[in-house]
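This report covers a single protein model. Please look at the sequence and the structure before reading on.

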Amino acid sequence: MLSGLRWRVALPYAVLIWLLLLALAYWVSGTVCGGEMGCRQTWLWAAGLSGIPLSLYLGRQLAIYFLRPIHQLTLVARRIASGDAAARLLPARRDEWGELIHAFNAAVDNLHRLNTALAEEQQHLTTVLGKMGGGVIIADKDGRVRRINPAALALLDVARPGVVGASLAEVMRHHRLIEAWQECRRTGQEQNLALELYGEKQTAFWQVNIVPLAEANTPGYMVLIQDLTEIHRLQSVRRDFVSNISHELRTPLASLKVLVETVHDSALDDPPTARAFLQRAETEVDAMTQMVEELLELSRIESGKVPLRLQATPVEAIVLPVVDRLASQAERAGVTVLVDLPADLPPVLVDAERIQRVLTNLLHNAIKFTPPAGKIHIDVDVSESERPHGQKSFVSGLPMVVVAVRDTGAGIPATDLPRIFERFYKADRARGRGGTGLGLAIARHLVQAHGGEIWVKSKEGKGSTFSFSLPAAE
Ligand code: ADP
């Protein structure tokens, strides 16, 4: 079947050919029939009738020939439309058709280049949005989400399926954000707002900018969300740190001042009293020196400047020296220290000196907070039980050895437990007992530097169990 255009081209050719055939028949009949009209008419009728299909056929062939470039262009255009970007036509002719094919190819090349550039830009945009820490939402002029990056999904706690196409109000789900967007839409002005979101665990701080996009073809809105919670937290940690350190130094400094003044004013003439005062002054100086040393140690550990000399070490080589060192202190306090070391413990991969420091801090606290006649157990285990926070019991496939220091002491109030490993944190009742409040912070950093975890379970009045895990050596 010929399409409409081909028929329209073929028919005039067919008519022309038919007329030529008739003319040919007329000329031939003149030669063959001479002047006999009947014979000539027969010739003309025969040529006329039989010439119809022949001229239609020839007209069709001519139409096909002349329209071939259009047919080929159509096929190539269809292939390009279905995604075959490399499809092209070879210009086999030098006439107007050849020029059309040239122009067509150039247009397709151009389109292809534009498409590639656009796809690259889209890819860059997707990568940038994906890597951005802040949340970004791009919406159209009706406030329907067109793009949203993973950070925004996480901050707004929404899942990607169904988000694109949803309204900003549905996605943002916070009345102040929705109000700000409506204001931006009404006034065409950028809106900035700081949000405090009170959660169960902590308060989040967001800085949000809603910017109208004024591009002529695609007007819309961009919402930028920056999560400043961590910066706020660090600021408050720094504030607490400065206030804690000032507080910790103020007390010994004040007593030092009193002691020195007393010696200066009255005790100089009374050497025994002066000596006693100076001894107390020395104790205060020692306490301050210890605090400064612990602070330095903590900051060195925190900044990763403490190189760990990791070696496969038997667990008893860590536990027994510490127990020995603190035996006399335990004896003075009237508490018993019991050690339970299973026979088949694997060695641990640690810097023995540092881990001894951890255990010393824990045992020292246990002795300090356990009343006379109390008991302290040091248990070591490879079991996976009783890990907090779903902690993994295997680091790179190796088992973890868990050391627990269990006492029958004062225990720690539940309200203090979550903060007990913070530097300078002391449960209220411990404030009078000396100590810097840095021991557990140092212990936590050292254990974490070894790839382990430290945690505590405690019941007020019953006792506490501090445990830490260490990677077993291969
Ligand atoms: P400190 O030098 O004050 O002991 P730590 O960081 O070692 O500092 O301990 C912080 C706080 O944790 C202590 O002040 C005390 O309130 C509490 N604590 C630590 N260990 C125990 C324990 N075994 N029993 C009761 N409370 C403890």
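The sections below go from overall dimensions to surface and charge, and then to one strand pair.

## Overall dimensions

The model is predicted.

## Secondary structure and contacts

The protein contains 11 helices and 13 strands. Among contacts with a separation of 6 or more, 60% are between residues 24 or more positions apart.

## Burial, surface and charge

How much of the protein counts as buried? The share is 36% of the 474 residues, where a buried residue has under 20% relative accessible area. The accessible surface comes to about 28600 Å². Carbon and sulfur atoms hold 58% of that surface.

The protein carries 51 positive and 51 negative charges.

Strand 1 covers residues 135–140 and strand 2 covers residues 145–148. The two strands run antiparallel and are joined by three bridges. In one part of this pairing, Ile138 has Arg147 of strand 2 as its bridge partner.

Which residue in the turn between strand 1 and strand 2 has a positive phi? The two strands form a hairpin with four residues between them, and Gly143 in that turn has a phi of about 80°. In a regular strand, side chains alternate between the two faces of the sheet.

Conventions. Residues are numbered from 1 along each chain as its sequence is written. This is a predicted model: local features need pLDDT of at least 70, side-chain atom pairs count only at pLDDT 80 or more; totals for chains, interfaces and linings use all residues. Side-chain values use heavy atoms; hydrogens and water are left out. Buried means under 20% relative accessible area, exposed over 50%, partly exposed in between (1.4 Å probe, protein chains only). Contact means heavy atoms within 4.5 Å. Accessible areas come from the Shrake-Rupley method with a 1.4 Å probe; for residues, only the protein chains shown count as cover. Lys and Arg count as positive and Asp and Glu as negative; His and the chain ends are not counted. The place of a charge is taken as NZ of Lys, CZ of Arg, CG of Asp or CD of Glu. Two strands pair if DSSP finds at least two bridges between them.
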